[in-house]
Amino acid sequence: MKKLFFLCFIFLLTGCNFAAKSDDQPLYMGSNKVIDQTKADEAKQIILSMEEVIAVKAVEFEEDIFVAAQVKQFDRFFLDQIRKKAHEKIKKRYPETQVHVSTDKKVFLELEKLEEEIYHNKIKKAEIKKKWKKIEDFMKG
Amino acid sequence: MIFFWAFIIGGIICVIGQVLMDVVKLTPAHTMSTLVVSGAILDGLGLYEPLIDFAGAGATIPITSFGNALVHGALAEAERHGLVGVITGIFEVTSAGISAAIIFGFLAALVFKPKG
Amino acid sequence: MRVGHRTWLFHNKPKIIGTGTICGPFEGEGKIPNDFDTIHADLWLGQDSYEKAQKVMFEEACIKAIEKAGLTKEAIEFILAGDLINQITPTSFACRTLSAPYIGLFGACSTSMEGLALASLIVNGGYGNNVLAGTASHNTATEKQFRYPTEYGSQKPPTSQWTVTAAGAAIVSKDGEGPIVTSATLGRVIDMGMTDPFNMGGAMAPAAVDTIEAHLKECKLDPSYYDYIFTGDLGTIGREIALDLFKKHHIPVNREQFQDCGLLIYKEDQPVFAGGSGAGCSASVTYGHLLNRMRQGEIKRMLVVATGALLSPLSFQQNESIPCIAHAVSIEAGGVY
Amino acid sequence: MSDQKKKKLTPVQQEYHSLAKKREIQRPVIKNCVKAFFVGGFICFIGQFVQTFYIHFFDFNERTAGNPTVATMIFIAILLTGFGVYDRIGQFAGAGSAVPVTGFANSIASAAIEHRSEGYVLGVGGNMFKLAGSVIVFGTVAAFVVAIIKTILGQWGGL
């Protein structure tokens, strides 16, 4: 029994080390897509410059930018402040756009998918609109 | 990473429960009630939500989160409807846990016999 | 005849002419499976509730005792029995099938020796000839009544005890062959202010010592008169405390001589914490294992002291302490076996 | 509390208490805590796993995934209770299996199963919350008090 626990423990430790190392580069989508993503790209850079943030996903659509950040484990105690700070930073850069910042895992995953699809030009504008509504709901919960 | 901290924080909350039972010599029912009340108070002080952000299920699975969720439901409803909302909203968030326990518990009583 | 304040001497030699002992599966895996007449593999005994299972177990013990005494049901003149469950219903219900007059007893786990003492009194006084004394306990029925539902995952401390699933019945008679009940000392209610329901042994030990002390003093006996002194269900903790108390009161009871039924019934590796307990524990071990050893000539004289904790779930929740009682019966080997 | 109780005892009782205390087998507190830590942690680990599963494969975000996660854990716990496994885990783990929501489910299911012999209405229905009731009652009362204080303070702050 004890051995089993020990193994679990080791597994957990190693597992989390892997996760910590994988702070991947954000995907810059550029302007030549279905929708111009330059604002989103810049937002990513702004957010990533925050030291609490490991990874970031962002997509813009019409007047909105959705940003999802992954925060360092020990900064997760202060998610509220981090969200506020990130929001202010982007808002300063683009005062006329609606900025939504989330730290939710689900939003992060959904935006990641959307980014990929936009990057590879696999998605049409109407479909994005549909997805947009869904992601907005996730941000609220 | 979140898995690791879920394990650690969940474990620590259980150790607090164990200390209440073994050192303070509370009965299990007293221990659980104490933990639920402390969960409610921690949320009142705004400390439980950050813990959930930090440890995920490590903070939502222990019974302390039950107190937290009760306060949350009450506060959310109070924001919309004023003081009456405190009463109407208490079970808003926790209904899933309680109804699941009642329904599955009842079904279990239909199917199982105590094994001894 | 009464000697001292609370000891009866039985001069007319009431004898235990037949016994019946039944146990559950867990006890069947214990140290003394051969001393039980019937071992049930099913904790439910085919019934739909544990209370009914206890009832059936007690019925079977009675029938077995009657059979072994070579009697018929009609020959039983009185029944003195009881148990631990609400209003002793399992025992009372079991006695529906026996037509004899019935006296329901409650002395918690001490009911076994309470019954035997009173049965011997009736027989000795000539008020009856074949009197049945017995009791039963069922682990899960008792757990349900006194503690938590059986499937509830609470952690029991090492001081707790395991309620025995067993029933024991004995027929005391004026005629016939069998071990002789020579005397009995009745216990007082002793309350040492103990409140932990998971440490029954610690609560009951003073009662056992009080009764043993009174018995020895009133009969003017030295502890060495008895080959063994058996307590009902003190468990390891209660036994150690009792030995301490003997030392303190200068009663020369030695360690080997002082045994506990709750420790005889289970193997050391069975997860029973501090030992077995329950009314069925002292009854089944005494009427089965101990009397068998007496028949084999290993024991000539023994004092059986059944201890009982007189608490209810209600009294415990109302923060009452646990008053305890112990009844002692002296059994000596009789003539031919 | 215990001091107050002790005052009521007679000297003889007090003497016996100290004697009995010596012979009492102490609870293995450290060992119990270690076991509670690992089992409790492991249950939360599984909970996190279930939650991540719901986030990845269903339309739940971190907040809303809590409900199905709790329901799933409760389901597993009740199944284990029915098969007579949870009380064994409980004896081993103590608070480790009692403090997580699975322990709450176990207290409900065990009471329901145990009291079926008294019928569905008075037995199962009446006794289901025998153990879990206190948790709900005190949780609700505490939440009520906390929420009232917070709401009133918030309104004053807002004024």
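Modeller: Start with α7(D), which gives the most to the lining of the second largest cavity, with four residues. This is a predicted model: local features need pLDDT of at least 70, side-chain atom pairs count only at pLDDT 80 or more, and totals for chains, interfaces and linings use all residues. Residues are numbered from 1 along each chain as its sequence is written, chains are lettered from A in the order in which they are written, and side-chain values use heavy atoms, without hydrogens and water.

Colleague: What makes α7 of chain D a helix?

Modeller: A helix is a DSSP run of H or I with at least four residues, numbered from the N terminus. α7 of chain D spans 101-114, so the run meets that rule.

Colleague: Which residues line the second largest cavity?

Modeller: Among them are Ala29(B), Met32(B), Tyr152(C), Phe104(D) and Ser107(D). A lining residue has an atom within 4 Å of a cavity point; such points sit on a 1 Å grid over the protein atoms alone, where a 1.4 Å probe fits but cannot get out. About 110 Å³ of space lies in this second largest cavity. That volume is the space filled by probe spheres set on the points, which are joined across faces, edges and corners.

Colleague: How many nonpolar, polar and charged residues line the second largest cavity?

Modeller: Nine nonpolar, three polar and no charged residues. Ala, Val, Leu, Ile, Met, Phe, Trp, Tyr, Cys and Pro count as nonpolar, Asp, Glu, Lys and Arg as charged, and the others, Gly among them, as polar.

Colleague: What is the volume of the largest cavity?

Modeller: About 170 Å³. Of its 14 lining residues, those closest to the centre include Leu84(C) and Arg147(C).

Colleague: Why is the pair Arg27(D) and Asp22(B) called a salt bridge?

Modeller: The rule asks for a side-chain nitrogen of Lys or Arg within 4 Å of a carboxyl oxygen of Asp or Glu. Here the N to O value is 3.4 Å, so the pair qualifies. The count between chain B and chain D is four salt bridges.

Colleague: How many residues of chain B are in contact with chain D?

Modeller: 69 residues of chain B, with 69 residues of chain D; contact means heavy atoms within 4.5 Å. The area buried between them is about 5,600 Å², with 77% from carbon and sulfur atoms. Buried area is the accessible area (1.4 Å probe) that two parts lose on being put together, summed over both.

Note on methods:
On a 1 Å grid over the protein atoms alone, a cavity is a set of points where a 1.4 Å probe fits but cannot get out, and a pocket is an open set with protein on both sides within 12 Å along at least five of seven lines; lining residues have an atom within 4 Å of a point. Helices (H or I, at least four residues) and strands (E, at least two) are DSSP runs, numbered from the N terminus.
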